[in-house]
Amino acid sequence: MPSLRSLPFPDPGVPDVRSGFRFLLWLEIRQWRGQAAAAAWGTLHLAAVASFPATVGMAVQAVVDRSGTKLALAGGLMLLLGVLTAVGDTMLHRTAVTNWISAAARVQQLLARKTVALGSVLTRRVAAGEVVAVSTGDVEKIGWFVEALARFTSALLATVGIAVALLVYQPRLGLLVAAAVPVLALAVLPLLPAATRRADLQREKAGRATELASDTVAGLRVLRGIGGEELFLDRYRRASQEVRTAAVRSARMWALISAVQVALPGLLLVGVAWYGVRLALDGRISVGELVTVYGAVGFLMLPLRNFQEIAMAWSFSRPSAKRAARVLGLERSAGEAGQAGAPGHAGSAGEAGGSAARTAAGDGAPPAGDLRELRELHDPVTGLTAPAGLLTAVVCGDPDAAGRLADRLGGHSPQAAGEASAELGGQPLDALPLAAARSTVLVQDKDPVLLSGTLAELLDVPSSGRVDAGAALAAAQCQDVLDALVQSLAGPDAETGDPMRARITERGRSLSGGQRQRLALARSLVTDPEVLVLDEPTSAVDAHTEARIARGLHEIRAGRTTVVLTSSPLVLDRADLVVFVDEGRAAAGGRHLDLLHTNPRYRAVVTRETEAEAAAAVPPQPGPAAPGARTTPPMEESA
């Protein structure tokens, strides 16, 4: 029998996510021991309760017959049945709760594993509200069905057993009960489709309201800045009222089902009592037999309630399992390996980028052997090549293209299948195991998340050990952040004055955007991966701080491959190589000042000038120079 001490599972398994039903079936099979134990204890409990009418009837008949021996025997049997009922009910509850929690924990582990595997892909494929709904309410409903199925099994066995026993014990009344039981069990089936539709509608509207609420909270600072709180509050009010209306309509249907489940067994009980009294008055059954049959029919109301519960559990868990299976079935799109060696990969764009880097870097570039050892990062889609050991800044003409490029450079791109994978040292990242790719290449996106906890816990990440927390915080210019965290200390921690013990609130909401950005940068620097990709790491800081960050980043990442997607002149000026990506291709590469004076399009993107103004500011270039005289070659040769 499973135990809660075994949680979390060492391996939650590989789920069958072809459908919601198959996922539920897989969960049941994975926990068959616990299900069998719960069904066994439930059967013992119901069998003991079902036997009480027989002992009561025996006791009544003993009184009628004035038999003390039979009365004592009936009393002893009642005591035994009481003990069995208590033991069965206690163990049933323990095993049922264990099954529920185990199923929920297994699903949560599967979701956590899938979330880690997908990373940023998850929120691109599934709405945030649906992710929240699956990981909270849906997990509970799935666990409910897994737990309820075992109790339904024992209730079904008890119901069939009572019907058969009554047929044998008192055929006239038993036949009436046996004919009525299927009607009682199936009476609510016509009502279930409508109840399921209403419950699905309620969950759909609740998911939308949850998504709206999470989006509103995430963008609360922006909403306050533009005065949009009332607008979103009105939207949430309307969504909340829709959820309330749908919930009331769903509750009405379930109330009707409950009424049917109470009324029909009650009518059966009245019918059995009326018919049994007539048989007893005619002398065809004894008083004890009448009491026994009446008690057995009254007992049937207990297992029949499990029929209603399993119908409700199935109705609620079916769409929940379907949503969970959809999330668990998501996979990353791997780029086609054949495209990695497609023409142009090692051709003009990639090689020009590499030569531009080595030429522009001058004497500070590592020797060729070190480059091969450290491995350069290459993106076949754009032709971008980030030389090993250098700080490469990438300027994108399309701001949206920067995020997509960062995803590709991180490996296991969330983009459509058929797109070539980024390569590290000539090896496609998509061909590497996900853990190996992530330990080698770290991508910090535009909106990094700070988890709640102390600053020490925030910076306690897997790392090479080369960069300590103090050096990373200094490079990211976090001194003012540390001072603010010291002021937030309370209690015994305030006496120490140690900012590492200060607590960061969820998503760093107590910090400004620039402070959150710098702490996230420090966390990435502590990790010290072989390749670090930063997407706009200084967009929320002032110019003076940005200049110091650019200097600190260049120093602390010396000898490591770093790619910074930015259009900030202060960061670009510190880069060993600047690559300009325009219209999806690496169009030029070199030093920032050289590109500023030779490429009008680059100048327009960086200085925010119009293209006409940028073209007027860039002097006409001389004709093509000899290949050996070129110091800053373009990223792509003309045909």
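Q: In this predicted model, which residue is the bridge partner of F580 in β12?
A: F580 is bridged to A588 of β12. The model is predicted.

Q: How many bridges join β11 to β12, and do the strands run parallel or antiparallel?
A: There are 5 bridges, and the two strands run antiparallel. Strand β12 covers residues 585-590.

Q: What lies between β11 and β12?
A: The two strands form a hairpin with 2 residues between them. In that turn, E583 has a positive phi of about 55°.

Q: What about β3, in which sense does it pair with β11?
A: Strand β3, made of residues 391-396, pairs with β11 in the parallel sense, over 5 bridges. As one example, T392 has L577 of β11 as its bridge partner.

Q: Changing topic: which residues of helix α23 are buried?
A: Helix α23 spans residues 600-607, and its buried residues are Y602, R603, A604, V605 and V606.

Q: What caps the N-terminal end of α23?
A: The cap is N599, which has a side-chain oxygen 3.2 Å from the backbone nitrogen of R601.

Q: And which residue follows α23?
A: R608 follows the helix, and its phi is positive, near 65°.

Definitions and conventions:
Residues are numbered from 1 along each chain as its sequence is written. This is a predicted model: local features need pLDDT of at least 70, side-chain atom pairs count only at pLDDT 80 or more; totals for chains, interfaces and linings use all residues. Side-chain values use heavy atoms; hydrogens and water are left out. Buried means under 20% relative accessible area, exposed over 50%, partly exposed in between (1.4 Å probe, protein chains only). Helices (H or I, at least four residues) and strands (E, at least two) are DSSP runs, numbered from the N terminus. A polar contact is a pair of N or O atoms within 3.5 Å; within protein, one must be able to donate a hydrogen and the other to accept it, and residues adjacent in sequence count only if both atoms are side-chain atoms. Two strands pair if DSSP finds at least two bridges between them.
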